Amino acid sequence: AGAVVAVGHDPEPFFPNELHIKSLEQFDQMTVCRVGQSHVVQALLSEEASLGGEGSGGVAVRRFQPAFDGFLAMGLILEAMAVAQKPLSALVDGIPKYHIVKEKIYCPPSRVHSVVEETRTLFGHDDVSTADGIKVEKEDGWVHIRASETEPMIRIIAENVSKVKAQEDVDRVVSFIGQLA
């Protein structure tokens, strides 16, 4: 998103998926959608956003083509470096640093959604989003628990300014799910 804004494109809403990283929250017009490239592209088109992104680092730019394109992303980064006359390392230094920890737990397809829902009890009255599984926002990060759309598993992802805290969040959820078996 920073590259698109930095190279002089009109600022428009940005649609990362539910796994967006905290460092993107600096953009005023960001809206979160469900995980999956098809969900991101649908949001990109329906909201006439300029850019959509996935947790994998993939991006789609509506004005070029509403699809994920690694070569386009590379071109935008190179353009941002040329316009700013800075190396990539200098551009990256301006982005807040967060740590991501990921885990997956295989679960029978008949139980995967109910197990995800049961993890909500771990977080009490915390700020919980259920747009795509269970996502809990914290001041210094977040934890997201969701059923995979392609495999019989539950994905747990945490992001935090502290790698230790991100790992603790994931371990807490894994332990809880392990007790449900």
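Analyst: The model is predicted. What follows takes a helix, a sheet and some side chains in turn.

User: Which residues of helix α2 are called buried?

Analyst: In α2, residues 37-46, they are Val 40, Val 41, Ala 43 and Leu 44. The label requires under 20% relative accessible area.

User: Which strands form the open sheet, and in what order?

Analyst: There are five, in the order β5-β9-β8-β7-β6, with antiparallel pairing. β5 (99-106) and β6 (128-129) each have a single partner strand, so they stand at the edges.

User: How do you know that β8 and β9 pair?

Analyst: Pairing needs at least two bridges. Seven bridges join β8 (residues 141-147) to β9 (residues 153-160), so these strands count as a pair. Ala 147 stands opposite Ile 154 in β9.

User: Where does helix α6 lie?

Analyst: α6, residues 163-180, lies across β5, β7, β8 and β9. The helix runs at about 155 degrees to β9.

User: Why is Lys 135 said to sit over the ring of Trp 142?

Analyst: The charged end of Lys 135 is 4.6 Å from the ring centre. The rule asks for a distance within 6 Å and a direction within 35 degrees of the ring normal. Lys 135 is listed as sitting over that ring, so both conditions hold.

User: How many aromatic pairs are there?

Analyst: The count is zero. A pair would need ring centres within 6.5 Å.

Definitions and conventions: Residues are numbered from 1 along each chain as its sequence is written. This is a predicted model: local features need pLDDT of at least 70, side-chain atom pairs count only at pLDDT 80 or more; totals for chains, interfaces and linings use all residues. Side-chain values use heavy atoms; hydrogens and water are left out. Buried means under 20% relative accessible area, exposed over 50%, partly exposed in between (1.4 Å probe, protein chains only). Helices (H or I, at least four residues) and strands (E, at least two) are DSSP runs, numbered from the N terminus. Contact means heavy atoms within 4.5 Å. Axes are lines fitted to C-alpha atoms, for helices over the stretch in contact, and angles run from 0 to 180 degrees between N-to-C directions. Rings of Phe, Tyr and Trp (its six-membered ring) pair if their centres lie within 6.5 Å; planes under 30 degrees apart count as stacked, over 60 as edge-to-face and the rest as tilted.
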